[in-house]
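Q: I have a new structure to look at, and I would like to learn how to read it. Could we go through some features together?

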Amino acid sequence: MSTLIRNGTVVTAERTFRADVLIEGETVREVREGIPGAAAETHIDALGMLLLPGGIDVHTHLDMPFGGTTSSDDFETGTRAAAFGGTTTIVDFAIQARGTRMRDALDTWWKKAEGRACVDYGLHMIVTDLGGAGLEDMDDMVREGVASFKLFMAYPNVLMVDDGTIFRALSQSAKNGALICMHAENGGVIDVIVQRALAEGKTAPIYHALTRPATAEAEAVHRAIALAEMAGAPVYIVHLSSEDALNQVREARDRGLPAFAETCPQYLLLTIEELTRPNFEGAKYVFTPPLREEWHPPKLWDGLRRDHLQVISTDHCPFCFRDQKTLGKDDFTKIPNGGPGIENRLQLIHHYGVNDGKLTLNRFVELVSTTPARIFGMYPRKGTISEGSDADIVVWDPAAEHVISAATHHMRVDYSMYEGFRVRGNVRTVLLRGRAIVDGGRFLGKAGEGMYLKRAARGGAWA
Ligand code: URP
Ligand code: ZN
Ligand code: ZN
């Protein structure tokens, strides 16, 4: 099958230019002006549209057991919602249960995704235990295309690992070329502050944020970078939320260290005020790290502009308000941590970044697609529109008006963190490897059509 997208404006991380795009099978064959119509069987007219490389969300949690329940989107509902929002690749997390092999977790997560994923997907491995054959397991995972690992400095007794374990993982990654991703918050200190709050009868959702200070994030980011420096490895900080943490990454990068970080739309667009909503609605905004005071988001936008931050992901981890968030009605520590957003990332960052003049179109593409592909071993197959790349293309209408709402979104969750937000710029058509999977608000894809991506370990050749 061949498709010609005509009259569009191609946007890559480097440039914006008028071109037709010829797709043969699953691959982009030509990108240039004036490709004759006879070159393809199917035509898409993209006059007035932007052609973006498919969005890449490298931080999602679909069908994830957490906090005594399971995230409400599975690989089918979550990736379908991703497609509606212009995301054609996700990287989700398999979780190694303590005392078990990483391969067991990989098999479990492959089963969750198989027959369900509607967009392409890779997997990171969450490491909880490096005893026994842990280091060999990491090499084994890299051979399977699991080229990145996440370790937690928070959630004591659940996911948290000690500094020795982090250092060993980093040292192994220096040899096998994988990338270590760090959830950076000082979990031990936070736990003490949490226990004090509970002892004082402070149980409402706002105490989730008040017991996780930005200093606890900054300290852990500093420590993660120091451990990586000692191990001679790169490090990637996930869901960075605060100015304090950002300063640590900036200082490391100024020293020339291979330290990278992502932030998420919620940290750019929402503040701690959301957790004070009445009727327990603050629980909708309970995730980790928490939302911060209003002076943090402008600093994060600035960090994105100056490349102190390299990626915008969502940390999509939805729990329904009615049946799941209410598990913590009498105790904020029992509110499942996480929020939905896989569908809205491109809309929000295009509107509040590009339309508001904070980001260029090219930087937008770089943050939501190209750099994630580079850092996580998928470039140039993913993350760009050029000859030989997968034909993952978003036909983006920069003038389309849209109001975000739980009533119309496709995520399987009963609220939106961005309810009522008006955005200009939205998806018209989405191609996954050459096939239209979304067009004019209709889903044309199929569960199971998304492919597992074996990602390359870059051996230090980071973006
Ligand atoms: O609250 C969050 N972020 N839930 C998902 C797990 C994690 O730490 O990323
Ligand atoms: Zn995390
Ligand atoms: Zn996460």
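Q: Let me begin with one residue. Where is the place of Asp307?
A: Before we start, note that this is a predicted model. Asp307 sits in the loop that runs between helix 10 and strand 15 (311-312).

Q: Which residues does a cis peptide bond join?
A: Here the angle to read is omega. A cis peptide bond joins Thr288 and Pro289, with omega about -5°. Another joins Tyr379 and Pro380, where omega is about 5°. Now place them on the chain: Pro289 belongs to the loop between helix 9 (265-269) and helix 10 (296-305), while Pro380 lies in the loop between helix 12 and strand 16 (393-403).

Q: How do I read the packing of two helices? At what angle do helix 11 and helix 12 pack?
A: Take the angle, the distance and the handedness in turn. Helix 11 (residues 345-355) packs against helix 12 (residues 361-375) at an angle of about 145°, and their axes are 10 Å apart. The crossing of helix 11 past helix 12 is right-handed. On the helix 11 side, the contact is made by Arg345, Leu346, Ile349, His350 and Val354. Helix 12 contributes Leu361, Phe364 and Val368. Sorted by class, this contact has six nonpolar residues, one polar and one charged.

Q: Next, the metal. Which protein donors does the zinc ion (ligand 2) have?
A: The protein donors of the zinc ion (ligand 2) are Lys150 (NZ), His183 (ND1) and His239 (NE2), at 2.1 to 2.2 Å from the ion. Their spacing along the chain is K-x32-H-x55-H. Distant parts of the chain are linked here: Lys150 is in strand 11 (residues 148-152) and His183 is in strand 12 (residues 179-183), 33 residues apart.

Q: How far apart are the zinc ion (ligand 2) and the zinc ion (ligand 3)?
A: The two zinc ions are 3.9 Å apart.

Q: What about pockets? What volume does the largest pocket have?
A: The largest pocket has a volume of about 450 Å³. It is lined by 20 residues, and the closest to its centre are Tyr155, Asp191, Arg212, Thr333 and Asn337. Helix 5 (residues 187-199) gives the largest share of this lining, five residues. By class, the lining has nine nonpolar, eight polar and three charged residues.

Q: And how much space lies in the second largest pocket?
A: That pocket holds about 220 Å³. Among its 15 lining residues, Phe84, Glu343, His402, His410 and Asn426 are the closest to the centre. The lining divides into four nonpolar, 10 polar and one charged.

Key:
Residues are numbered from 1 along each chain as its sequence is written. Chains are lettered from A and ligands numbered from 1 in the order in which they are written. This is a predicted model: local features need pLDDT of at least 70, side-chain atom pairs count only at pLDDT 80 or more; totals for chains, interfaces and linings use all residues. Side-chain values use heavy atoms; hydrogens and water are left out. Axes are lines fitted to C-alpha atoms, for helices over the stretch in contact, and angles run from 0 to 180 degrees between N-to-C directions. Helices (H or I, at least four residues) and strands (E, at least two) are DSSP runs, numbered from the N terminus. A crossing is left-handed if the near helix is turned anticlockwise from the far one by less than a right angle, and right-handed if clockwise. Contact means heavy atoms within 4.5 Å. Ala, Val, Leu, Ile, Met, Phe, Trp, Tyr, Cys and Pro count as nonpolar, Asp, Glu, Lys and Arg as charged, and the others, Gly among them, as polar. Donors are N, O and S atoms within 2.8 Å of the metal (3.2 Å for Na, K and Ca); water is not among the atoms, so sites may look incomplete. On a 1 Å grid over the protein atoms alone, a cavity is a set of points where a 1.4 Å probe fits but cannot get out, and a pocket is an open set with protein on both sides within 12 Å along at least five of seven lines; lining residues have an atom within 4 Å of a point. Grid points are joined across faces, edges and corners, and a volume is the space filled by probe spheres set on the points.
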